[in-house]
Amino acid sequence: MMVYLDYAATTIPDRDIYREVEEYFFKFYANPSSFHHFGRQTREILEKERSLLAELLGISAEEVIFCSSGTEANNLAIFGCAYANSHKGKHIISTTVEHKSVLMPLAKLETEGFKVSYLHVNSDGVLNIDDLKRSLTKDTILVSVLVVNNETGVVQPYNEISKIIRSFNDKIIIHYDLVAGFPKVIKKFNEVDANLITISGHKLYAPKGIAILYIKSETKLIPQILGGEQEFGKRAGTENFIGAIFMCKSIKKCIHEQDREWERLWLLRDYFETKLLEKYNTNILIAGKNSVRIPNITSICFKNKNKNAIIEALSEAGVYVSGGSACKSRENQISYVISAMGIPESFATGCIRFSFGRYTTKEEIDYTINKIYEIVKY
Ligand SMILES: Cc1ncc(COP(=O)(O)O)c(C=O)c1O
């Protein structure tokens, strides 16, 4: 049996949508920027999908910027905003548990004279609103927060965060990395007070290499990829036409299924955690268990165990899981997200992320539980 429990790293592409868009790939290969009829026809299809999606998200089409990845979208948000607003101030606020695609641009900005305040999280993975209040200064130009943590599923109090920032200075730009949280906690972008939001296609049953940065109109941003006039002059480069069409259609389906999926995955995750707690009791710790969490991610920390040894053994049994964020999990080191929550080292070294999705079944969960019981002994 093969059990894929690594949906937070990437989802399984939607086969029905693949079949639907396969035809587009060969039929509409013209460059959407070409002036001839074929190019204009291709452009029309792309813009129709963009508009339909924008409507669904409660925003306007010009606010949807297609990028090559969530990483690129985060880079554009951070660098683009910092450089466009540096004359107003050079202070940025973020958290210690962001994805690397936010942390690395911030680290680079620090070498260029920007000051970054990193908010800490408590043992449940949640940032402290009073820390945010204290960190805001007259030089603050940007606050960037990961709404849902991709390792633990913990949700930050984003409405409160926006409220605090706006009441301090409504010119501060708010960026939310919503890659792990869309459409689970936020379905419509106009229902959250943010200037910039990142989402990524491959977490939404679309292919890798396509993402969206929502840029609210009038948000000042300096493009980071220079060239043609594509994406309203905010992101140069011939559009990934087929990727964008696939992602737009896939997002529609994800939004449509969201409520039913939330319920189903909630039951599966609770069942999984309960079974592990029954067996292992105080030998396991569930990261962020007491916080608001999305239902498809659970990070289980096994006491005095080596996570890569468990991942390897599960992999041999056909169960695919991760030891944290996919881009770091090859290294057998403690995740900085888990460390930031103050989880003791004896548990942190054995911390494994199980993430579920649309095709996860109860049978697969039972198989996984049995394999864990066989592999992890105390
Ligand atoms: C929270 C979060 N932000 C950003 C990214 C980067 O997205 P992409 O893989 O499309 O570059 C990821 C990917 O794992 C993520 O989990």
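The model is a predicted one, and its chain has eleven helices and twelve strands. With a radius of gyration of 21 Å, close to the 21 Å that the globule rule gives for 378 residues, the chain is as compact as a globular protein of that length.

**Helices H3 and H4**

- On the side of H3, the contact is made by Gly 70, Thr 71, Asn 74, Asn 75, Ile 78, Phe 79 and Ala 82, while H4 contributes Ser 101, Val 102, Pro 105, Leu 106 and Leu 109.
- Sorted by class, the residues of this contact between H3 and H4 are seven nonpolar and five polar, with no charged residues.

**Helices H7 and H11**

- The axes of helix H7, residues 241-280, and helix H11, residues 362-375, come within 10 Å and cross at roughly 20°, and H7 and H11 are therefore roughly parallel to each other.
- H7 passes H11 in a right-handed crossing, and the contact involves Leu 268, Tyr 271, Phe 272, Lys 275, Leu 276 and Lys 279 of H7 together with Lys 362, Ile 365, Ile 369, Ile 372 and Tyr 373 of H11.
- The residues of the contact of H7 with H11 comprise eight nonpolar and three charged, with no polar ones.

**Lys 184**

- Lys 184 is found in the loop between strand S6, residues 173-177, and strand S7, residues 196-200.
- Lys 184 counts as buried because 21 other C-beta atoms lie within 10 Å, where the cut-off for a buried residue is 20 or more.
- When neighbours within four places in sequence are left aside, the contacts of Lys 184 are Val 148, Gln 258, Trp 262 and Ile 294.
- The C-alpha atoms of Lys 184 and Ile 375 are separated by 32 Å, and these two residues are 191 residues apart along the chain.

**The chain as a whole**

- The C-alpha trace of the chain spans about 65 × 55 × 35 Å along its principal axes, and 47% of the 378 residues count as buried.
- Of the contacts in the chain between residues at least 6 apart in sequence, 74% join residues at least 24 apart.

Terms used. Residues are numbered from 1 along each chain as its sequence is written. This is a predicted model: local features need pLDDT of at least 70, side-chain atom pairs count only at pLDDT 80 or more; totals for chains, interfaces and linings use all residues. Helices (H or I, at least four residues) and strands (E, at least two) are DSSP runs, numbered from the N terminus. The radius of gyration is taken over C-alpha atoms; the globule rule is 2.2 Å times the number of residues to the power 0.38. A residue is buried if 20 or more other C-beta atoms lie within 10 Å of its own, exposed if 12 or fewer, and partly exposed in between; C-beta atoms are placed from the backbone. Two residues are in contact if their C-beta atoms, placed from the backbone, lie within 7 Å. Axes are lines fitted to C-alpha atoms, for helices over the stretch in contact, and angles run from 0 to 180 degrees between N-to-C directions. Angles under 35 degrees count as roughly parallel, over 145 as roughly antiparallel, 65 to 115 as roughly perpendicular and the rest as oblique. A crossing is left-handed if the near helix is turned anticlockwise from the far one by less than a right angle, and right-handed if clockwise. Ala, Val, Leu, Ile, Met, Phe, Trp, Tyr, Cys and Pro count as nonpolar, Asp, Glu, Lys and Arg as charged, and the others, Gly among them, as polar.
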